[in-house]
Each structure stands twice: as C-alpha cells, then as structure tokens.
Amino acid sequence: MRKGPMSGRREQGAAIASASTPAPSGDRIGDYEGSSSRARLLDVVPIAWLDLLLLAVADLPLSKGEPAVVEAMVHSLAAILPTYAVGACFVAEPGAPVGGPREIKRLPEGMVEPPAGTDPTRIFPGLAYEHVATIPGSATGSTLHVASDDHELDPDGSPAVNLVERAASALGRALPSAGAIGAAMERVRQEAAALEQRMVHADKLATFGQVAAGVVHELNNPLTSIVAYSDYLIRRAIESGGQHLDDVERLRRISESANRMLRFTRELVSYARPSGGAAGPVVLHSVIDRAIAFCEHVLVAAGMRVERAYGAEVLTVSAASEQLVQVFVNLITNACQAAPPSEGVILVATSVTASALEQRSIVVIIEDNGTGIAPEHVPHVFAPFFTTKGEKNGTGLGLSIVKSIIGAHDGDIRVESELGRGTRFVIDLPEKR
Ligand SMILES: Nc1ncnc2c1ncn2[C@@H]1O[C@H](COP(=O)(O)OP(=O)(O)OP(=O)(O)O)[C@@H](O)[C@H]1O
Ligand SMILES: [Mg+2]
C-alpha cells in the first residue's frame with residue numbers, strides 16, 4: 001500500500017531528489033503564507049500558475065465527493081504544468097473494490113516513463129524525480145504526485161513542487177466541504193427520487209378519484225329510478241289491499257338500500273368536487289355531523305363508535321363548508337385506520353374558550369383510543385407525503401391538507417399522542433358571531 005511520502009523516499013535515496021528535503025506537510029505549506037516566505041514563494045512560483053490554481057480550486061466539483069475533486073485537481077495541474085508528470089493516488093477510496101490503491105496519472109505529451117519495477121511510494125517509479133504531497137485530512141488517504149525526468153531539478157526550489165504542495169493544501173481545505181456537500185447532495189437526490197415516486201402515486205390517486213366521481217355520477221340515475229319505482233310498487237301493493245305484505249317489506253328494503261346508496265354517492269360527489277367554495281357562516285356541528293355521516297362505512301368497517309360531546313351553544317365559524325368537511329373526514333378516517341382491536345371510540349368534543357375578548361376561539365377535539373403515533377413520527381405527521389401506511393395505503397397528504405385548510409381559516413391544529421393509548425387532535429378556529 002502506498003503510504004506517506006517520506007519513508008519511501010528515504011529508502012529510494014538519491015533516486016528521488018526531494019528525499020533530502022524535509023517532509024512536506026500542511027504546516028510547511030502554511031509557512032509559505034508568512035510574509036518572508038511569501039516573497040520566496042512568489043519568487044519561485046509564477047503568478048500565472050497561482051491564478052490558474054485559484055481558478056482550479058474555484059471549479060472543484062465539490063458535490064461529487066473526494067475522488068472526483070482530487071481527479072479534477074490532477075487535470076488542472078496537468079494543464080498548468082504541461083512539462084511535468086502529475087497524478088494522484090487513492091489509498092482507501094470509499095466503495096472501491098478491495099485490491100490496492102488506485103492511481104491517476106497524466107504524462108506530458110512525448111514523455112515516456114521507462115519501466116522501472118514497482119515502488120510502493122511512487123506512481124511514476126520510472127521517472128528520475130517524484131515529489132509526493134500529502135493532502136491534509138483526506139478521507140481516502142489521497143496524495144498528489146508531481147514527477148519529472150529532469151535529474152537536475154531542485155526539489156526544494158522547484159516551482160512545480162511548490163505549486164503541487166499548494167494544490168494539496170487547498171484540497172485539504174476544500175475536502176471537508178466536499179464530503180458534507182456530497183452527503184447533502186446524495187440526500188437531496190434520494191429525497192427527490194422518493195418525492196417523484198409519491199407524486200406519481202398521488203397523481204394516480206387523483207386520476208382514480210376522477211374516474212370514481214364519474215362512476216358515481218353514472219350510478220345516480222339508475223339509483224334514482226330504483227328508488228322511484230320501488231316507492232311506486234310499495235304504494236300500489238298497499239292500495240291493492242295489502243295481500244302480499246312480504247313483498248311490501250321486500251320492496252321497502254330495496255327502496256331503503258337504494259336510498260342509502262344514493263345518499264352515499266351524493267356525499268361522495270360533493271366531497272370529490274374541487275373544494276375552495278366561498279367562505280360563509282357555517283354551523284360547526286352540522287359540518288362535523290356531515291363528515292361523520294360520510295365516514296359511516298369506514299367507521300363500521302373499523303368497528304369504531306363516535307361519541308359526540310358538543311358544547312351547548314350553536315357554534316358558527318366562517319368557512320368553506322366543504323373544506324371543513326374534508327378536515328373532519330380526514331381526521332376520522334385516520335382514527336379508523338388506527339383503530340384498536342376492540343372497543344374503538346372516537347370522541348368529538350367542541351367548546352369555546354371562555355374569553356371576555358370579542359373574538360372567541362372554538363376548540364374541537366378529535367380523540368381516538370387507537371394505536372397512537374410513535375414519538376419520533378409525531379413531529380412529521382403534518383408534513384406532505386409523510387405516511388406510515390406504505391405507498392399503497394396512504395399518500396401521506398391527509399393531514400397536510402387538514403393543516404393547510406385550518407390555516408386558511410385562521411385556525412391552528414396540534415397533535416398529542418401516546419403509543420398504544422391513542423391520539424388527540426386539537427383544532428382552534430376563530431368563532432364567527
Ligand atoms: N389518529 C391517528 N392515529 C395514529 N396515527 C395517525 C393518526 N392520524 C395520523 N396518523 C399518522 O400520521 C401519518 C400521516 O397521516 P396522513 O393522514 O397525512 O397520511 P396517511 O393517512 O398516511 O395517508 P392518506 O391520508 O393520504 O391516505 C399516518 O401515516 C399515521 O402514521
Ligand atoms: Mg390519512
């Protein structure tokens with residue numbers, strides 16, 4: 001495995017000219033920044049090279065992670081130092097297959113590296129001179145290499161060596177942000193992919209909703225006929241002396257069932273219709289009752305019972321009633337989906353805050369004794385697309401819609417929950433007097 005530059009260079013002796021010089025390190029590079037050394041650096045490194053290095057640092061692809069950043073630097077160094085061989089060595093590249101370090105090498109046009117066996121400290125063992133600059137703080141143990149076939153080159157005073165040390169030092173400063181930016185970009189990429197999947201799902205549901213609304217609409221006419229004809233037949237059976245009482249009873253059942261379906265389809269159509277109707281005075285208890293009626297089938301399926309604890313006063317809010325119905329439908333549906341194995345109860349309580357101020361606030365509590373919400377999930381339940389029901393069973397939009405509707409009515413909603421005991425949503429709405 002290729003290690004730090006010094007030990008190997010000592011073993012190489014004079015073959016590597018920089019072996020006689022002190023180890024290049026972050027500190028040593030820092031020395032160049034002292035005023036006396038700066039003059040020396042500027043003596044030996046052309047300003048144009050420093051400018052190009054500055055541009056190269058500004059262009060580093062920080063979002064792509066450390067190996068890509070180091071590789072970009074090698075490309076830039078090769079352009080700045082066209083007569084030198086430059087490269088990099090990654091000792092422990094993340095995700096790379098096990099099997100030794102990876103090297104990037106750029107040889108100047110026309111320069112041929114003679115075969116010279118292997119040397120674990122060098123990536124250009126065939127060239128006369130090689131300087132290795134450690135990148136301080138590199139997570140992959142990367143090193144930058146500059147090499148030449150010029151035996152006369154003074155490693156200590158070489159502008160190329162100075163420049164490559166500068167580049168290594170600049171990389172050392174840039175790499176921590178490269179790691180953080182890389183990780184953040186990866187998170188953003190994953191979140192964007194997940195969001196896209198959910199959007200596709202939500203879109204499918206929306207299309208399904210439109211299809212369902214169309215189907216319901218089509219059902220309305222035949223259902224109306226069934227109700228009308230069964231009522232007519234009941235009347236006729238009774239008028240004809242009631243000889244076939246069994247049939248009258250059967251017809252009544254047909255009529256009742258058809259009526260029930262008709263009510264349900266009408267509710268469904270009004271629910272599916274794009275909401276956003278104009279706000280007006282709305283009696284809160286009627287809105288909640290409508291939502292409960294609409295959820296009847298969900299409640300029955302979940303074995304949940306609704307307990308109303310309405311305040312004695314008639315409470316009025318200024319609202320678009322369809323939107324408020326949607327709020328309570330969503331909350332009741334969620335409670336049903338979290339129903340306990342038995343004795344499920346949803347408490348719906350209303351009250352007004354006892355305030356002497358002109359603007360009173362209505363408080364609605366929707367509380368269930370269901371499964372509850374895990375504490376780590378509680379802060380996220382109002383976030384769009386947050387669901388614990390899996391993609392097929394929930395879009396995770398219910399509560400975010402609830403929150404935005406309540407917000408649009410100048411209200412507020414909060415949640416309290418305990419795993420295994422139940423969940424309570426508390427809504428505050430300004431009263432309309
Ligand atoms: N009454 C409740 N009891 C337990 N968990 C709840 C309750 N209400 C909401 N949650 C949790 O909050 C999450 C988000 O609810 P939300 O209504 O926004 O989405 P959903 O019900 O998962 O999907 P959708 O409503 O779009 O079908 C749920 O997945 C569930 O984990
Ligand atoms: Mg929901």
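Is S230 buried or exposed, and what is its relative accessible area? In this predicted model, S230 is buried, with a relative accessible area of 3%, where buried means under 20% relative accessible area, exposed over 50% and partly exposed in between, with a 1.4 Å probe and protein chains only. The model is predicted, so that local features need pLDDT of at least 70 and side-chain atom pairs count only at pLDDT 80 or more, while totals for chains, interfaces and linings use all residues. Residues are numbered from 1 along each chain as its sequence is written, chains are lettered from A and ligands numbered from 1 in the order in which they are written, and side-chain values use heavy atoms, with hydrogens and water left out.

S230 lies in helix 6, helices being DSSP runs of H or I with at least four residues and strands runs of E with at least two, both numbered from the N terminus. A polar atom of the S230 side chain lies 3.1 Å from the backbone oxygen of V227. Helix 6, which spans residues 159-239, also holds E165, and E165 counts as buried at 3% relative accessibility. Between the C-alpha atoms of E165 and I135 the distance is 8.5 Å, although the two residues are 30 apart in sequence. S138, in the loop between strand 3 (129-134) and strand 4 (143-148), likewise counts as buried, at 15% relative accessibility; its C-alpha atom is separated by 6.9 Å from that of L175, a residue 37 positions away along the chain.

One aromatic pair is present in the structure. The ring centres of F382 and F425 are 6.2 Å apart and the ring planes stand at 80 degrees, so the pair is edge-to-face; rings of Phe, Tyr and Trp (its six-membered ring) pair if their centres lie within 6.5 Å, and planes under 30 degrees apart count as stacked, over 60 as edge-to-face and the rest as tilted. Because F382 lies in the loop between strand 9 (361-368) and helix 11 (390-393), and F425 in strand 11 (residues 422-430), the pair ties together parts that are 43 residues apart in sequence. Both F382 and F425 are buried.

The structure holds zero disulfides, a disulfide being a pair of cysteine sulfur atoms within 2.5 Å. C295 is in no disulfide, and the nearest cysteine sulfur, that of C336, is 6.6 Å away. C295 is buried, with a relative accessible area of 2%, and C336 is buried as well, with a value of 6%.

Ligand 1 is surrounded by 20 residues, of which the closest are T387, T388, K389, T395 and L399, a residue being near a molecule if one of its heavy atoms lies within 4 Å of it. A polar side-chain atom of K389 lies 2.5 Å from an oxygen atom of ligand 1, and a polar backbone atom of L399 is 2.8 Å from an oxygen atom of the ligand. A nitrogen atom of ligand 1 is 2.9 Å from an N or O atom in the side chain of D368. The protein covers 91% of the 600 Å² of accessible area that ligand 1 has on its own, as given by the Shrake-Rupley method with a 1.4 Å probe. Helix 10 (321-337), helix 12 (398-408) and strand 11 each give two or more residues to the shell around the ligand, and helix 10 gives the most, with three residues.

Terms used
Polar contact = N/O pair within 3.5 Å; in protein donor to acceptor, adjacent residues only side chain to side chain.
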